[in-house]
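Biologist: I have a structure open and would like to talk it through. Can you take my questions one at a time?

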Amino acid sequence: MRRLIVERTDAFLGRCRYVADLGAQRIASPTLVARRGDRMDAIVENRLPQPTTVHFHGLTLSEAQDGAGFDAIGPGATRALRFEVKNRAGLYWFHAHPHGFTAEQVHAGLAGLLVVTDDEDHALDTALALAPGNRLVLALADARVAQGVLRPYAPSALDCLHGWFGNRALVNGALDARLPVASGWVRLQLANTCNARGLLLAFQDGERDGASVPFFLLGTDGGLLAAPVPLERVFLYSAERVDVAIDVSGCRNVAAVSMPFDPRHQTRGGSLAHRHPAREQYPPLAAAGICAAPAGEAVDTLPDGAGIALFTLNVGGAARAAPPQLPSKLSTLPEAVAADATPRRIRLDFDERAGFLIDQAPYRADEIAFSVARGAHEVWELRNSPISMPHPMHLHGFGFRVLRRRGTFGPARALAVDGSGRLPTDLGIKDTVVVWPNETLWLALDFALPEDAAFRGRQRYMFHCHNLEHEDGMMMRNFAVT
Ligand code: C2O
Ligand code: CU
Ligand code: CU
């Protein structure tokens, strides 16, 4: 890729997209593929009327390449994108991250996928005897659709409080996605790129009255697990990824759905409006967002936790002989180990006037909440207050391991796989983890950074809620690695 163009395609509805310029051809809304160790060397061109950044979610990058919004790319400006992919094979993603504009730009379509591969990853495809086309890489988002048309992003104070929820799923940008696959194993790498919606992913056999089709969890945010885990459903909150294998032999069509669940959105106060001084200098992406929706065109949204259809796998071709057994070992993943150090305590709170808080403070761009020594091993104790919401908390730059959960709410606890209360997705490397109201999580972190020149000196990173309305609503802190 020579250039990554960030452009608006519809000024009325405010739709945007990434275009990869490869020299000989241009690919709109590209899914990038890299092998571990590959280099990215491209120019980002911002053709939006707003500042933007390109953040590679999940990758370990220097502050200058992290695209976290410390130094946004102004309208009409360009910026070099130059780094080495050092992370494990897995599904990562890239998205806009200019503070105050993140939710609007991601919702507009500025989110793309990056698949990182390596030998272990290819060996798995071979072991599954995947038919061509049976490995799918999908971004799951939601949008408000009325009369077949996407509504622009214009969040109310209530949307700012709970998050912006749509009424239909968008899969790689398309409504009603139907994906042709062949009989046998299907490997799905799925990213939840919704602004705020949590998904309780399950598969249903369309021919057998929606009977649940079991699947195997192969990997999480940071790549493959040590061994596959058999499941019937899995939580996937905003920014989380899963890698799953599902045997569709004997099925004609398999529907991927988010099952209904109680997401436990509770607040004492009623609403929250975002005020961003930066926003006053730039127009919104959608002209239509300025005026209210035409009368009688109110859009019924589906709240967080509502059941929603995601996509359908249409199984073609003759059923083949039984697909091969899943390998019992997927990757070399060390056990999560806790450092001896006393945990760093981090509290998540909501205040009717101040909004969402991390350790009682709203985001300040110029503040560094704490510093960590390069190479340090830490344990973080993340506690969400009892009257709260599920917060998918994301750490830039460093994958982490979940050690233990306490106070987990029922539907999530029902999925626990061990005595520490860990969920199936907690068995892998994570960069985003949902913390339910009243829950406490213990995370193991390793702040080793590459020895590169790019990483020399102090590096600033962010820790924030990936409900993007909460993120723009100041539920974010900066920290430094020194
Ligand atoms: Cu996916 Cu700070 O971002
Ligand atoms: Cu990130
Ligand atoms: Cu949140």
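Predicted model: local features only at pLDDT ≥ 70, side-chain atom pairs only at ≥ 80, totals over all residues.

Biologist: Fine. Which residues coordinate the copper ion (ligand 2)?

Modeller: H55 and H394 do, each through its NE2 atom, at 1.9 Å.

Biologist: Where in the chain do H55 and H394 sit?

Modeller: H55 is in strand β6, residues 55-57, and H394 is in strand β29, residues 391-395.

Biologist: Is H55 buried or exposed?

Modeller: H55 has a relative accessible area of 1%, and because buried means under 20%, H55 is buried.

Biologist: And H394, buried or exposed?

Modeller: Buried, as the relative accessibility of H394 is 0%.

Biologist: Now the copper ion (ligand 3). What are its protein donors?

Modeller: H391 and H470 each give an ND1 atom, and C465 gives SG.

Biologist: How accessible are H391 and H470?

Modeller: H391 is buried, with a relative accessible area of 1%. H470 is buried as well, at 0%.

Biologist: Change of topic. Where is E378?

Modeller: E378 is in strand β28, which covers residues 377-384.

Biologist: Why does E378 count as buried?

Modeller: Its relative accessibility is 13%, and the limit for buried is under 20%, so E378 counts as buried.

Biologist: Which side chains does E378 make polar contacts with?

Modeller: One polar contact joins the side chains of E378 and R344, at 2.8 Å. Another joins the side chains of E378 and W380, with a distance of 2.8 Å.

Biologist: What else is E378 in contact with, leaving aside neighbours within four places in sequence?

Modeller: Besides R344, the contacts of E378 are A339, V372, L443, A444, L445 and F447.

Biologist: On to pockets. How is empty space found in general?

Modeller: A probe the size of a water molecule is rolled over the atoms, which shows where empty space is left.

Biologist: What volume does the largest pocket have?

Modeller: About 700 Å³. The largest pocket is lined by 32 residues, and F398, G399, F400, I429 and D446 lie nearest its centre.

Biologist: Which elements supply at least two residues of that lining?

Modeller: β28, β30 (400-406) and β32 (440-446) each do. The largest share comes from β32, with three residues.

Biologist: How does the lining of the largest pocket split by class?

Modeller: It has 14 nonpolar, seven polar and 11 charged residues.

Biologist: And how much space lies in the second largest pocket?

Modeller: About 460 Å³. Its lining has 24 residues, with S29, G109, A111, N172 and G173 nearest the centre.

Biologist: Which elements give two or more residues there?

Modeller: β2 (15-21), α2 (102-108), β9 (111-117) and β10 (135-143). β10 gives the most to the lining of the second largest pocket, with four residues.

Biologist: What are the classes in that lining?

Modeller: The lining of the second largest pocket has 11 nonpolar, 10 polar and three charged residues.

Definitions and conventions: Residues numbered from 1 in each chain as written. Chains lettered and ligands numbered in written order. Heavy atoms only, no water. Donors = N, O, S within 2.8 Å, 3.2 Å for Na, K, Ca; no water. Buried < 20%, exposed > 50% of the residue type's maximum accessible area, 1.4 Å probe, protein only. Polar contact = N/O pair within 3.5 Å; in protein donor to acceptor, adjacent residues only side chain to side chain. Contact = heavy atoms within 4.5 Å. 1 Å grid on protein atoms, 1.4 Å probe; cavity = no way out; pocket = protein on both sides within 12 Å on 5 of 7 lines; lining within 4 Å. Points joined across faces, edges and corners; volume = space filled by probe spheres on them. Nonpolar A, V, L, I, M, F, W, Y, C, P; charged D, E, K, R; others polar.
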